[in-house]
Amino acid sequence: MKNHPRMPLRFYNTLTQQVEPFAPLHDNIVRMYTCGPTVYNYVHIGNLRTFTFQDILRRWLQVRGYQLDHVMNITDVEDKIIRNASAEHKSIAEYTEKYTQAFLEDTATLRLQRPERLVKATDHIPDMVRAIQDLERLGYTYQSDGSIYYRISKFPGYGKLSHNDFSGIRAGARVDVDEYDKANARDFVLWKAPKNDEPFWDSPVGPGRPGWHIECSVMAMKYLGETLDIHAGGVDLVFPHHENEIAQSEAITSKPFARFWLHSEFLNVEAQKMSKSAGNFYTLRDLRELGYAPEPIRYLLASVPYRKKLNFTFDGLKAAATAIDRLRNFKLRLETDRYPEGTNEKLVQRTEAAAQRFGESLDDDLNTAEALASLFEYVRDANTAMDAGEFRAGNIPSALELLDEFDRIFDVLRPSSSEAGTTDAQVESLIAERAQAKKNREFARADQIRQQLLDAGIILEDTKEGARWKRK
Ligand SMILES: [Zn+2]
């Protein structure tokens with residue numbers, strides 16, 4: 001079993017329904033497109049699960065030596081946006097700006113890396129019109145009441161991503177939230193004529209606005225070329241959105257649109273489907289108001305492998321905070337305890353084995369649960385060795401390196417800056433006061449100071465060498 005060659009990085013591809021070794025098509029650059037938010041509201045934790053998965057994907061690709069060219073769209077024109085903007089007597093741009101900014105803030109709070117390119121649909125209307133004209137010329141479209149639809153019966157590969165056979169069941173069902181009549185119910189809209197006094201763009205294909213699907217095809221290919229390395233999104237987008245993206249793009253180029261399709265599973269809350277009516281609908285802002293720090297939220301969203309359903313619970317959130325504490329305490333112990341000189345060779349091997357299993361787990365279609373298990377088993381063994389006096393000074397660097405490797409992906413060890421704003425000097429002075437109080441056997445005062453620090457987000461740990469502290 002020893003010295004087996006490392007398995008390559010591999011992902012489950014929705015298109016082929018296989019786990020396949022991954023490498024980019026050109027050079028060292030991964031050309032990736034992910035469907036971004038529709039900016040009509042704050043993103044909820046189900047959306048954030050998908051974006052967190054994509055962040056883990058980005059980070060692991062980087063660890064494995066790849067550069068990213070990652071495009072994410074901002075959908076800033078669609079039915080709900082138009083409805084909500086007009087209800088608030090705002091322009092589309094005014095209305096969406098607020099939620100675009102909120103999205104950027106929320107993803108930054110969760111430490112999600114910014115994609116290399118964030119692109120707005122409304123900045124690409126002429127590109128979309130040109131693509132619609134291409135499809136028209138190639139015979140894939142028809143008009144109805146001023147709107148332009150994609151005729152899916154013209155595209156033989158329709159259904160290949162969702163692995164549905166649509167040949168027999170086309171009539172009578174809808175694939176789009178669109179409210180227009182369509183000659184074939186599963187045909188989808190490319191260009192929507194304005195209703196009543198809706199906002200619209202003048203264009204060579206008539207007044208109107210683009211459908212959601214064409215937006216992604218056009219912006220993906222504009223920046224990344226005709227064939228992407230990875231297209232990712234939530235599993236709810238497989239059909240019809242991604243199926244329609246393929247139908248549009250491949251009709252225009254006659255080339256495969258994306259080589260790898262990665263989809264993250266749903267999130268439930270306390271085992272229930274999240275919905276406003278069930279009262280279990282949460283945005284990041286809701287959770288922050290309930291007092292949860294960003295790190296346990298990020299940890300919980302990342303800890304379940306992306307292809308498994310995630311049951312988001314408040315117990316799970318508390319367990320995530322405990323897990324992070326355990327790692328921070330271990331790190332603190334590495335950095336502040338004194339250990340005998342020399343190196344424990346058995347522990348060196350133990351650290352290497354943990355690092356290897358950590359990497360192999362993430363290579364295996366981003367198995368975050370397995371990666372975390374390998375780390376926590378290691379931390380348990382290292383703590384045991386410390387307690388037994390078997391941990392040596394020479395074992396510190398590789399242990400810290402393993403924690404670094406973990407944090408390059410999970411990014412939860414650094415506490416978010418405390419809002420209380422207690423300075424280090426204030427903390428030190430309170431700790432000194434508490435030590436004096438204990439010496440004077442004024443235990444009530446000592447406890448009071450500990451509580452005061454805790455309220456300010458400072459955790460104290462008493463050791464033989466004195467009190468250690470850290471920010472929550
Ligand atoms: Zn999309």
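The four donor atoms around the zinc ion subtend angles of 72 to 134°, which makes the arrangement irregular. Four donors count as tetrahedral if all angles lie between 85 and 135 degrees; four count as square planar and six as octahedral if opposite donors are over 155 degrees apart and all others between 65 and 115; anything else is irregular. This is a predicted model, in which local features need pLDDT of at least 70 and side-chain atom pairs count only at pLDDT 80 or more, while totals for chains, interfaces and linings use all residues. Residues are numbered from 1 along each chain as its sequence is written, and side-chain values use heavy atoms, with hydrogens and water left out.

**Zinc site**

- Cys-35 (SG), Cys-216 (SG), His-241 (NE2) and Glu-245 (OE) coordinate the zinc ion at 2.0 to 2.6 Å; donors are N, O and S atoms within 2.8 Å of the metal (3.2 Å for Na, K and Ca), and since water is not among the atoms, sites may look incomplete.
- Along the chain, the donors of the zinc ion have the spacing C-x180-C-x24-H-x3-E.
- Cys-35 lies in the loop between strand S3 (29–34) and helix H1 (45–63) and Glu-245 in helix H6 (residues 238–253), so the pair ties together parts that are 210 residues apart in sequence; helices (H or I, at least four residues) and strands (E, at least two) are DSSP runs, numbered from the N terminus.
- Cys-35 is buried, at 6% relative accessible area, and Glu-245 is buried at 0%; buried means under 20% relative accessible area, exposed over 50%, partly exposed in between (1.4 Å probe, protein chains only).

**Aromatic pairs**

- The count comes to 20 aromatic pairs, where rings of Phe, Tyr and Trp (its six-membered ring) pair if their centres lie within 6.5 Å; planes under 30 degrees apart count as stacked, over 60 as edge-to-face and the rest as tilted.
- Phe-53 and Tyr-306 are stacked, with ring centres 4.3 Å apart and planes at 15°.
- Phe-53 is buried, with a relative accessible area of 5%, and Tyr-306 is buried with 4%.
- Phe-406 and Phe-410 also form a stacked pair, 5.0 Å centre to centre with 15° between the planes; they are four residues apart in helix H12 (residues 396–410).
- Ring pairs link Phe-11, Phe-22, Tyr-66 and Phe-260 into a cluster.

- Strands S1 (residues 10–13) and S2 (residues 18–21) run antiparallel and are joined by four bridges; two strands pair if DSSP finds at least two bridges between them.
- Phe-11 has Glu-20 in S2 as its bridge partner.
- Four residues separate S1 and S2 in this hairpin, and Gln-17 in the turn has a positive phi of about 60°.
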